[in-house]
Amino acid sequence: MMAAATFKCQSTGLHGLPVDASAPRSSTNFGRFFSMRFACNTRCNKLRHVHASISHASLVDPTPFSISHDSSTESALILIRHGESFWNEKNLFTGCCDVPLTVRGVEEAIEAGKRISHIPVDMIFTSALIRAQMTAMLVMTQHLQKKIPIIIHNESEQSTTWTQVYSEETTKQSIPVITAWELNERMYGELQGLNKQETAERYGKEKVHKWRRSFDIPPPKGESLEMCSQRAVAYFKDFVEPQLKSGKNVMVAAHGNSLRSIIMYLERLTSQEVISLELSTGVPLLYIYTEGKYTSRGSPVGPTEDGVYAYTQV
């Protein structure tokens, strides 16, 4: 009998917004949303540190490290902001508008893929927006695992049935990609689509600066960073963190504000510290999860540099 690889995750509607907002959020109910018979042989992957040299990113911790899957409590977490979008290029407030990558954004994603190509990835989480999903897919084109990322569709019973995979060998060579609206960019309300410079001239630089950079002041009909943080961190705790605890290596491709929120949680930053945190487009950040703690390893420089995080199969 031929077995099917099935995936179940949180149902989403237009622009990735949840169909059933009353659905349980606890990590103990994760299986209700995402039950996966997917052959991820993580114990065959080992991340070893060849040389203790990485880029001079602001979050760099130069201490040598290694990941061994002899222990299920140690795993890698890669965070990456999407590559440049068309509205980034035009200096427009993007927020939850679904805008694709520019040519430069595509190049940034490919370069990011080269930089993490030696770090094992077992699962991918992205926002529901195309620029984050494009980034995740392009990153994986460069990976030495040569596994194919597959977006999981569970919008309906039919979509779940129609997207089942019936080859065990194919599932072994695939990586599940979970999309979630909770990882979307901060919703900028009435600023979305407006030019940032023109908006500052219209409303005043000080007011627009508060909308953009304060922690708890939202723009008109939009979200503050605090509001974005509440949904992004809750999702991370409920769905991403359990995978890290189980020993899986996870990549999260998302947005400036949703990732700032997650980093605030990982590094226990204050509301004042997080508002000064800047994340460049298409630059991956690496964290090591060990026994409930996250250690920042900065931004991997890739296999062509002196510092190499070498992926090997043992």
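Mentor: A search of the whole structure finds zero disulfides, a disulfide being a pair of cysteine sulfur atoms within 2.5 Å. This is a predicted model, in which local features need pLDDT of at least 70 and side-chain atom pairs count only at pLDDT 80 or more, while totals for chains, interfaces and linings use all residues. Residues are numbered from 1 along each chain as its sequence is written, and side-chain values use heavy atoms, with hydrogens and water left out.

C97 is in no disulfide, and the nearest cysteine sulfur, that of C96, is 7.7 Å away from its own. C97 is partly exposed, with a relative accessible area of 23%, on a scale where buried means under 20%, exposed over 50% and partly exposed in between (1.4 Å probe, protein chains only). For C228 the closest cysteine sulfur is again in C96, at 8.1 Å, which is too far for a bond; C228 is buried, at 0% relative accessibility.

The helix to examine is α10, residues 256-267; helices (H or I, at least four residues) and strands (E, at least two) are DSSP runs, numbered from the N terminus. Its twelve residues should span 16 Å, and the C-alpha atoms at its ends are 16 Å apart, so the two values agree; the expected span is 1.5 Å times one less than the number of residues. Ten of the twelve residues are buried, so α10 is largely enclosed by the rest of the structure. The buried residues of α10 are G256, N257, S258, L259, R260, S261, I262, I263, M264 and L266. After the helix comes R268, whose phi is positive, near 55°.

A pocket is found on a 1 Å grid over the protein atoms alone, as an open set of points where a 1.4 Å probe fits, with protein on both sides within 12 Å along at least five of seven lines, and lining residues have an atom within 4 Å of a point. Of the 19 residues that line this pocket, R81, E185, Y188, K196 and N257 are the closest to its centre, and N257 is also among the buried residues of α10. Both α8 (205-213) and α10 supply at least two residues of the lining, the largest share, three residues, coming from α10. By class the lining holds eight charged, six polar and five nonpolar residues.

Another surrounding is the largest nonpolar core, which has 26 residues, with L77, L79, F125 and V252 touching the most other members. The elements that give two or more residues to this core are β3 (74-81), β4 (123-127), β6, α9 (225-245), β7 (250-254), α10 and β8 (284-290), and α9 contributes the largest share, five residues. In soluble globular proteins, nonpolar side chains tend to be buried together.

Strand β6, one of those elements, can be followed through two of its residues. P176 has its place in β6 (residues 174-180) and counts as buried, at 0% relative accessibility; its C-alpha atom is separated by 7.7 Å from that of D122, 54 residues apart along the chain. T179 also lies in β6 and is buried, with a relative accessible area of 16%; its C-alpha atom is 9.9 Å from that of A254, 75 residues apart along the chain.

L277 is found in the loop between α11 (271-274) and β8 and is buried, at 9% relative accessibility.

Most residues other than glycine have a negative phi. N91, however, has a positive phi near 65°; N91 lies in the loop between α2 (86-89) and α3 (103-115) and is partly exposed, at 34% relative accessibility. K146 likewise has a positive phi, of about 60°, although it is not a glycine; K146 sits in the loop between α4 (130-140) and β5 (148-151) and counts as exposed, at 59% relative accessibility.

Terms used:
Nonpolar A, V, L, I, M, F, W, Y, C, P; charged D, E, K, R; others polar. Core = buried A, V, L, I, M, F, W, Y, C linked by side-chain atoms within 4.5 Å.
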